[in-house]
Structures are given as C-alpha cells and as structure tokens.
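Here's a quick tour of some charged side chains and a metal site. Have the structure open while you read.

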6 protein chains.
Amino acid sequence: MLLTERLMAGERVFSAWSSVPDSLNAEGLAATPFDAVCLDMQHGAHHEDSVMRCLGPIIASGKPGLVRVPVDRFDMAARALDFGAQAVIAPMVNSVADARAFAQSMKYPPVGKRSWGPHLAMGRSGFSGPQSAWLDEANRKTLAFAMIETREALDAVDEILAVAGIDGVFVGPSDFSIALTDGKAVDPSLESMMEAIAHISARAQAVGKHAGIYVVDPKLVQRYSAMGYRLFALGNEQN
Amino acid sequence: MLLTERLMAGERVFSAWSSVPDSLNAEGLAATPFDAVCLDMQHGAHHEDSVMRCLGPIIASGKPGLVRVPVDRFDMAARALDFGAQAVIAPMVNSVADARAFAQSMKYPPVGKRSWGPHLAMGRSGFSGPQSAWLDEANRKTLAFAMIETREALDAVDEILAVAGIDGVFVGPSDFSIALTDGKAVDPSLESMMEAIAHISARAQAVGKHAGIYVVDPKLVQRYSAMGYRLFALGNEQN
Amino acid sequence: MLLTERLMAGERVFSAWSSVPDSLNAEGLAATPFDAVCLDMQHGAHHEDSVMRCLGPIIASGKPGLVRVPVDRFDMAARALDFGAQAVIAPMVNSVADARAFAQSMKYPPVGKRSWGPHLAMGRSGFSGPQSAWLDEANRKTLAFAMIETREALDAVDEILAVAGIDGVFVGPSDFSIALTDGKAVDPSLESMMEAIAHISARAQAVGKHAGIYVVDPKLVQRYSAMGYRLFALGNEQN
Amino acid sequence: MLLTERLMAGERVFSAWSSVPDSLNAEGLAATPFDAVCLDMQHGAHHEDSVMRCLGPIIASGKPGLVRVPVDRFDMAARALDFGAQAVIAPMVNSVADARAFAQSMKYPPVGKRSWGPHLAMGRSGFSGPQSAWLDEANRKTLAFAMIETREALDAVDEILAVAGIDGVFVGPSDFSIALTDGKAVDPSLESMMEAIAHISARAQAVGKHAGIYVVDPKLVQRYSAMGYRLFALGNEQN
Amino acid sequence: MLLTERLMAGERVFSAWSSVPDSLNAEGLAATPFDAVCLDMQHGAHHEDSVMRCLGPIIASGKPGLVRVPVDRFDMAARALDFGAQAVIAPMVNSVADARAFAQSMKYPPVGKRSWGPHLAMGRSGFSGPQSAWLDEANRKTLAFAMIETREALDAVDEILAVAGIDGVFVGPSDFSIALTDGKAVDPSLESMMEAIAHISARAQAVGKHAGIYVVDPKLVQRYSAMGYRLFALGNEQN
Amino acid sequence: MLLTERLMAGERVFSAWSSVPDSLNAEGLAATPFDAVCLDMQHGAHHEDSVMRCLGPIIASGKPGLVRVPVDRFDMAARALDFGAQAVIAPMVNSVADARAFAQSMKYPPVGKRSWGPHLAMGRSGFSGPQSAWLDEANRKTLAFAMIETREALDAVDEILAVAGIDGVFVGPSDFSIALTDGKAVDPSLESMMEAIAHISARAQAVGKHAGIYVVDPKLVQRYSAMGYRLFALGNEQN
Ligand SMILES: [Mg+2]
Ligand SMILES: [Mg+2]
Ligand SMILES: [Mg+2]
Ligand SMILES: [Mg+2]
Ligand SMILES: [Mg+2]
Ligand SMILES: [Mg+2]
C-alpha cells in the first residue's frame, strides 16, 4: 500500500530516520518493524548517491522511502522522486513562495514544473505500463511535505497549505522551539508550543491534507496523534 | 578536435548518455563508437563525485565529455567545467533570467562571472601554458546548452539565444511533449511538436548558435538533422 | 583552541588546502604542521560525502576544519557546520544580499535562520552538555568568511562587513585579478591590486572582523600579514 | 524457485555476467530477462564490497545471484554465500585438493568447514525461522561449481566430481583452449575441444551433478545444451 | 591504556561488533560506552578499505580497534595492524600449522615474519619516535587471538596456545555448537559445550594468555567471566 | 615505451609510490615527472577496487602502472595484470616455492597458469587485434618482481632468479635490515647490508634479469645505480 493510501485511510505511519549514508544501513532499517524509512540529507549525512542507493533496498522491502532534502535543494527533491521516493520533506518552508518552489519541483505539469525522467522509480516499482499512465498517477502517488518550523511558517500555514502540490505539513519541533524562544533554547518538547503544534495539524485536516512531525520523545506520539498527526518520524540523531 | 570545432564545422556529433555513476562505465562508453559521452545528473544517477571521476577516462579517450546538471544547479555547471567537461546542458531554461544565470556560471568575465580554478581541466587536457592563455580561450572552448522544453522556453527562444554566453539550445522532447499536451501525455515522438522543434533549430541557426536534441527514437535522427540539429544524445534511460 | 579564539588573539593561522576528496588525504594533511585544513568544494573535488568524512580526522587531530562551498551553496554551508567545520568560506559574495543569505544559513536565530541538527558536530567535539548550551555558543564559535573577489564586492565591502553574522572576509586573488583586468589576465600576484587587498583588510579591522586570503605565492605572506591578514590558505591547486 | 531447484528440474538457466562493480548496474541486469546474474571477481572488477552490495538488488528481484571468486579465494566463496549468493563458481579447480578446499569453504559440517554467520543472507531471503532450520537446508540450497579449464582438471574430472560438496562443474572455454593448445591460442569456440567439453558434462550427468559453461558465442548454446549443459553464462567481457 | 595492558591487568573488556562497512558507523560505535570496537571481515561486511577507514575514528576516540579477518586471510591480519588495529581475531585456527601461519603474519622477526610498513598505525597513534623504538614494542602491543571453534581446535588448544606469537584464544560459540553437534544444530548457548568453553579459558590462563568469546546472550557474560574470559564481543549479527 | 623495453634498454626508471587509494591521487601522481606509478596494497591502503580505478589514469598518461600486492595474494597479482598493470611486485618471496607460485599467477601457459580475461587491460592499452596476438605477447610485456628482503630469500636468490616467469628481483631495505639485525633494528640505509644488496643485483644481472629497490634515502640512488639497479621506487610512506 502506498504511503498516500495509508495516510488517506487515516492510518498512523511510523518512519525510521536514517542519518548514515550506507545502503546496508538502509537495508537493515527497512527490515525493522518501522512502516517506512526516511533518509535525511539536511542534518543527516545522506547525499545524492546514498539516496539513490538506499532507496533501492527500502523499495524492495515493500515500504515507502522518504527523503528530507537540505534547505532549498528542490533540484534534489525531484531527483529523490526519480530514484523512487514516495515523499519528500522540505525543511524551512517559511512562505508561500517557498511552498510554490517546492511544489513546482515535485509535481508534473500542469500542477508544477517537474521534469520527466522517472525511469529508476518505474523500474524499482515494477511498473511496465505506458509512460503516460505513470505520468497520470505520479502527482497523486508522491507526497510533498512542507516543514513548518518558524514563526513565519506558522503565520503562513494556511496559505502554504493552500498551495497546489503541497500534500501536507511536517513539524520540526527543535527548530520550532528555537524560533518560539527567539533563539534562547532548543527544546523539542516545549510545552508552550503544543498549542501551535495542534493548530498546524488542525489547519491541515481542515483542508484534507496530511500532518507529520518529528518525534524526539516517543511519549508524545499519543498526544500528537490526538491532534491529528499521522506521520511520525522517530530517531535519535536529528530534528 | 574540440566539440565546439566539430559543431562549428557542421559535423554531426552523437553522444552516449550515461546514467550510472561509475567511472568504469564511463570508461566503457568512451570506448564505443560514440563521439562523446554525456553524464546525466538530472534524471540519471550521476553526482558531484562521479562527474569528476568519469570525466577522467572520457577526456583520456580523446572524446568530449558533456554534463547535464540538475535544474538550477549552476554551481555544478561551473564545477563540471573545472573537472574538464567541454559542454554543460542545463535543463528547464525557461526564461532569459534562467539563461543569464546559466551563462554567468559558465563564462569568465567579462562575459560572465565564472570563478577561476580549472586546474583539473588543465591537467587533464595536457595544457601547460600560462594560465592567462587558458583564460583567453576558455569561454570559446566550452559550450553552454540551454534546454528548451516548455512553452515559456519556446516563446522566449530568441531572447534566450540572444544571451551572451549561451552557445546553443538543446531540446528535451519528453518534457516538451508534456508541456505541449498540458500534462496529459509524455510522447517524445509527438508529431504535433515537430514544427516547434524545427523552429527552435532554425532560430539557433539564424544567430549562428548550435542546436542539439535528446533522441528517444533513433529513426528521428535523420529528420532532426534536416532541421539543422547537430548534437544528438542517445540512450535508453532518460529524456 | 578554537579558530575564532586564535584569530581573536591576533595569531596567524595557516591552513592547508585540500582538493582530493579522500579521508586518508585529510588525515595526512591534518598531521602536517599546518594549523588547519580547508576542504575545497568550489574548485577542488570535495563533495557532500567527502566533507562529512574528512572533517572527522581533522577534528580528531585537534585542528580546525574549514570548508569552502561552491557558489551559492548555502545549504552546504549549514551542513558543513553540522559535520563539525569551524568555518565556512563562501565564494563570490558580491553584494549585501549574498552576504545576508550566507549569514542566515550560518547562524542560528535570532541572527540567522540556521536549522538545528548539529549532532555530528557535537559528538566530534566531545560535547555532552545540554543542547541549549551548544546553541548558546554556536554562533560565536563558527565563522562565516565572505569571499571578496570582484569589483562589486570591493565596492560593497563595508556593507558586506556590516552584515550581522558575517565574521570576516577572504580574498581570492586569482578571481580578483581577472575582475580588475576585465577578464584579460589571471595573476594572483598582480601588483596593481595590492592596494585594494590592503583596503579590504583595513575595512575588516576597522569593524573588528577577520581577514583571510588565499596565498599562491608564499613570499606574499609577510606582505599580507602587514596589511592585517591573519588567515592564510596555502596550496597549489586552486584559488 | 531456487537455482538448485531449477537445475534439478532440468531447466536451462541463463545468467548475465557482471564485470562493473556498481550496484546500479546489478539492479539493471537483474531487471533484464536473464534468469540470474553472476558477479565476476576473477576477471571482472567486482570486489568484496561490490559483491555484498550487488547481491541485494539481485535477490530482491527474485533471481539467483552467483559469484565467481578469484583463484584460490575460498575465504570469499564463503563470504559470497553469507551475502546471499546461491552459487559460487571457483576458477582453476585443477585437482582433488583444490576441489576439497573449495567444498570445505562452501559447506557446513559435517560435509565441510564453513563457518556460521549467514545473517545477511537470511535477512535478504526473508527467512525468519530458527537458525538450525537454515543450517539444515543451507548445504543443499547453495551450489559449488568447480571450473574445469585445464588438462589436469580434465584428467581429474571424475575425482573432482566425486568430492562431497562439489555440486557441479563449469567450463571456461577460453582458458581451456589455451591449455589444449599449450598456450599457442585462445579460442573459446575451438572445435577440437568440443569432445572434451561433451565429456565433462557427461561425467557430471553420470553422477547427478550439474554442468555449466561460459558462452562466448551464443550460437553454441544449442550445442552445449545437447551435451547436457544447463547453466549458461553470457557476457562479452570475460571468460 | 592499550588493550594488552587492560587484559594484563585482569580487566574485563567489552567490544562492540561492527558489521556495516561505513566509517560513520564506526565513529558512532566508538562513541558508545563499549570499551573497544571490532570490525568483522569474516561474516560482517567489512573489507580492506573499510577497515582502513573505520580504524581512524576508533583510534581517535582513544579506544582499541580490533579486526576479525576472514578464514586464512593472514595478508589482511598484517594489514589491519598496519592500519592501527591493536588486535586481530583469526577464525578457524584449527591446528598448530594454522596458528603458526597466523602468528608469523602478526609478529615481526625474530618471532614471526611480519613485514615492515606501519606508517599509518604510527601516525594514528601519535608516535613520532625512531622507527626501531616502534619495532621494539610492536610485538608486545598488538595481540593475535586464535579462534577456537571446532573439535580439532579444542583438541589442539594447548599446542595452539604454545605457539610463540599467539596471545590468546577466542571462542566462537555458534560454530563450536555446530562442530559439537556434528552439524545438527547451531546454538551458541548450548549447555553441553560449557565445559569445553571453560576448559579453553583454563588452558589459556595456565600459560598466561588471554581468553575472549563472542557473546550472543548477554546473560552468559557473568558465567564466561567466572571461567576466566576477559574479552567479550557483543553484537547481534555474527558469531 | 613499455617498462620492460625501458629496462631492457638499460634505462633507469623512477616510480612514484602511491599509498592513498583514490584515483584522483593516482591521476596527480601520473602527471608528475616520475616515470611510473606503483600502487601499494601491502603497506599502503590500496585495495582491489582502487587498483582497478587508479590504473586507468596512469595508463592514460602513457606511463607504466605497477602494483605491489600483499603477501601471498597471487590472486591479486593476476587481477592487477587484468586491470592493466605492467608489473607486479610480490613481497616476501622467500623461497623457490614462493617464486613459483608467484610466477604461475603471472604468466599464461605454458610458462604459468594465469587465467585468461585481460579485457580491461586490452581496452586500456588501445589493443584491438585478435586475442591470440595479445596472448602471444603478454608474458613478455608484463613483469614479475620478487621481493628479496629476508635471509632465506638472500640465500635462495639464485634459485628464485632461475624460476621461469620471474623477471626480476626487488629489494625491500627496511625488512631486509630487520632480517639482518634479527629483529633488533629497522634501518633502510644500514651500511652492513650494502654488500648483500650489491650481490642481489649482481646475481640478477648475471642471468639477464632486472633489479629494483625501494629507496628511502634518495642519496642512495647513485650507489644502487652503480650496483646495477634500474628500477627505483621512491616515496615516503612505505618500505
Ligand atoms: Mg528543522
Ligand atoms: Mg527534460
Ligand atoms: Mg575565487
Ligand atoms: Mg578461466
Ligand atoms: Mg565462527
Ligand atoms: Mg618489505
């Protein structure tokens, strides 16, 4: 079942978070009970080549592969999809302009400006139909998650969610805590930001889009879940 | 003979298209009858390191190495030249602004803003003269190909061709077919876009610049050739 | 002693310049008498993975690791810090806008917009305190050097130096010579630009910021030193 | 279906022959119509790491992975099995002593002396039963092919085939032609050695073991097949 | 403190067991509370290059690096020492001849036949004295552990321990269980082999040599410890 | 001109010595004035893959590539030739048996037992004739150097030189000094071994074979040269 289908069905999806750019690690993570594996290029050590190689065993395991790209690396967002990722998480989407640039890299025309070349993704998925059939489904089957992790992003969350091609939002609680404390502290469990975190999910639900969050403290899963979050990234290296 | 010289002489140049980022593959491709080898970083799996390593055996074989960079990765365009590429193909050059940014990364002052550091390219070419002699020739010897593959690009083709430092245009027929069908189909042999394809080459010829095209169906080479295309990229993985 | 502390104390710091992206080379360079090692991603062959791997042995040697990123690759500037670099050198910072974009990638709020995730840097430094303690110190302990190597940059040097988060300037004499000769020559020892080079350092000193320079001819170290330069990058491959 | 099962059923199995040590090539070969993929460490460029990484996508494709090890590298024969190979081809098995050493590395006690540690193979196969169940099946499910490619080997073929743990023989026609011409020529289609090639297969069939052969000229497949050969390796780089 | 010194002092040493050949994993393992890290080339995926690269961060962390080589790969035993390993574990040392071959690769003359070239090890240890001083200490500072994991080895344990240059024995309980059950089962906790395991340690203690063991079930540490074992390798991938 | 031709003509050949397994280093070394480049797998960090990749740029530069394999790794000697090396240096050839095993791996029948598969070497050399023509020349064009660096080897030097397929001897002065001082010192310039060093070369000259030596102190080149040595390996990392 595709990630989009699981999320559409209201299922909770728990993704492992990979920071070491070695395909054997990815192969190992894909064999754990996690529902998915996310390769982190922003704060983790993944790079152009490791994303290509690590998505192979993840896809072969039948689980969705996700990729978090570095800030503004929308060239890589499109490449991650070409390599077979089902979702891309873009950090620091702080404005409608950021969201549009991200969406344009992720979606084929007329929604966006993604360029054609998903041959590796097609091969890895076992697809052998006509290319236009793949094109017809691609925008629906791959997900663009915009990270909400600053005050500007919080203020613009409705507009960001309204951008065609943005499929969901994803909260980065460490950066969000830095933002909300004006750089004074980093505390991904900061109680005073819980209301804002709930608000973000509520706004996504209101427009039928997805909400995900990076989970530093597993005890919070239940609380985030009650807020409407469905995609949870767990790990111990990055936020 | 340099790529620019062959194209200036009106010769047809057939380039292999490499998607696997391994220098042994590049070494093998350079030993085939193809005239040149293009390393694809946009939809192929080439990356910063593979481009550096694969250009070595290509140059050693006496053939030109080309690199297609990802969308907007003009940092990599300049680096490809530093590693010894004779041409860079930039995808999705949809406006004069795109063309200028590309040209500026590719050409030394006063034409552009390329930064000095071509030591690997000099070494690989066997150059041992004074650095200023290399500088004097570099803008002429390396080629910037802007991909024309959207309606916007088609509309702006004359202005794009007029940008100083843009040496030619390169058609991506798969993306072009998506654009011209408003996202409904991908068909690199779409008959209804042949007139536009002919137009692009004609405009390039009119200003003494080059026209190249990605060839999905080898039977089209003759037809493209008659339109004035001289650089043909063949392969079976990307468009 | 941190690089910032050595420079603050007025010490001269000599950095080796690494162009080959292999961690064993970095390990070897770190064992030479050089005070620091700079990994060059602009004209050298370093890449995302090599920077991550090469900073390990450099940091383990007790010496600062520096990284020169490609033009406009501010995503990589932040990643270099996450991997443990003490300084990033950004080429072609030609305007206040360039300087601001660079500074924002390098500094945590409220100075900039750097995103949290320095786990590798913390581990490599041996840090084990609370994360907020690291956050509190990070902006001070890591240095952003803006390269001044064009006429525009020279004209804007005061404004660039005034940008919050820019810790110093770094002169690229080869590009500077191309700029000052309008593309006619490349000569990193060009006598006619010495006054401008002296001016750049003087302006930095005037505002209590650092000045560094790439040294092609070691005989110039004494002269640059007298101008106030304290960070010297030596090597034989790039400028 | 396992390779051993297909061969036991009398099926003909055609294996691609991989010489480039890149997992993306292996992934591509596994997607072709070939029944299996063999990674060549003797004359191809495969190495310890590439075998580990390339077996992943081959196994994921549902096809058997084979590995040809270098001469006398029985350490690697066992490792190839640990990584998930279904068969190992050992070159230059010229004596009973060679065959015994090979078999001992390939089979667990009491047949041989293979050491326990097939965790990667178990994971890649999806096995999750008790370890002793895997042990119980392993000697049967993995195949040891001894290459017969010298006069000594030809003379000893019955004794080699009689060694417990040797599952089959595999003819290297290029080396065999050099041997039979006393070093005067290399000709994998040498007519005068066809009788010996037929003899080798006949002796294998006589004791219920398998016969395979490297095929330089595909036209010979039919003829080899008539002799009883069932495993055919095709490729254009090695013999 | 060197591994030999800790063991000589009767300390218990717990070593992590690394199977993924990536230097970032090794760097991470070295940062855990484990006393040492062992890189497994026999059943793990480590190889010549990964051992060289992974020993760097392990040594930099101040902890001993150990390497388990594949069966009979004594060339690699010497190379592991050249790269800075403090101990090598050789599997399947089943006879005095095996032990002698192993010891000869590990010890400089007159004890063995190890060849000179420890430049990387010297550099990584911070050694800067005269080479002869290193030579004088090397045989004492690096440890050769012979794995005892078959009946033959058990029978020959006294003779193996008597070989000059063998510093200790190391039990592989999975293989040992296969051996003692004549290939019928693999059970690293097999009760019926505990007496033999105790015997091995007792014989080592009797001649002042070390005893180590691979620990599949951590609950057994206390029991092994009471038998005299001091080096414990823990992990979940290999035996 | 081939290495064998230069040595046959009595020329002195100076080879760089590479310890870092990165093809860009090899490319750089090949561009220095050295006559050849030797890749060291024994004490340097070269491995199976680096030898394959580094020989490419060395051969492309028109210079001979040499490889020193680890002790007893004759599988790798043959592979180095398959990758295009012109000579292999085998360490610790201490007996006629060692010399024979080495020669057999290096020479095609009837001299030795080398297996056919030099496709990469043929491609890299530009050879396009019939395979039998290559076979006919190969034994003559590639050189086997046996290292003489122990007392046993010194005593057996005439017999070693008499082995068919051994093309020369190569002295390792550091190990030789350890051997001659019974493990008490390592001193590659040890005066008391000069007579033995001269003897080795004299014996080689007496039978028309080559003599090479590792040079730690360049001042000794003249002296070694006077003794008849013609192949000199220089470097600062290994002996
Ligand atoms: Mg964040
Ligand atoms: Mg396109
Ligand atoms: Mg510059
Ligand atoms: Mg053969
Ligand atoms: Mg074992
Ligand atoms: Mg030696």
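What follows looks at a metal site and then at salt bridges, all in a predicted model.

## The magnesium site

Start with the magnesium ion (ligand 6): its protein donors are F:Glu149, through OE, and F:Asp175, through OD, lying 2.2 Å from the ion. F:Glu149 sits in the loop between strand S5 (143-148) and helix H8 (151-155) of chain F, while F:Asp175 belongs to helix H10 (residues 173-180) of chain F, so the pair ties together parts that are 26 residues apart in sequence. Both F:Glu149 and F:Asp175 are buried.

Over all chains, the salt bridge count comes to 114. One of them joins A:Arg73 and A:Asp75, with N to O at 2.8 Å. A:Arg73 is buried at 3% relative accessibility, and A:Asp75 is buried too, at 10%.

In chain B, the side chains of B:Arg151 and B:Asp182 form a salt bridge at 3.8 Å, N to O. B:Arg151 lies in helix H8 (residues 151-155) of chain B and B:Asp182 in the loop between helix H10 (173-180) and helix H11 (194-206), so this contact ties together parts that are 31 residues apart in sequence. B:Arg151 is partly exposed at 38%, as is B:Asp182 at 42%.

Over in chain E, E:Arg151 bridges to E:Asp182, with the closest N and O atoms 3.8 Å apart. Here E:Arg151 is partly exposed at 38%, and E:Asp182 is partly exposed at 41%.

Conventions
Residues are numbered from 1 along each chain as its sequence is written. Chains are lettered from A and ligands numbered from 1 in the order in which they are written. This is a predicted model: local features need pLDDT of at least 70, side-chain atom pairs count only at pLDDT 80 or more; totals for chains, interfaces and linings use all residues. Side-chain values use heavy atoms; hydrogens and water are left out. Donors are N, O and S atoms within 2.8 Å of the metal (3.2 Å for Na, K and Ca); water is not among the atoms, so sites may look incomplete. Helices (H or I, at least four residues) and strands (E, at least two) are DSSP runs, numbered from the N terminus. Buried means under 20% relative accessible area, exposed over 50%, partly exposed in between (1.4 Å probe, protein chains only). A salt bridge is a side-chain nitrogen of Lys or Arg within 4 Å of a carboxyl oxygen of Asp or Glu.
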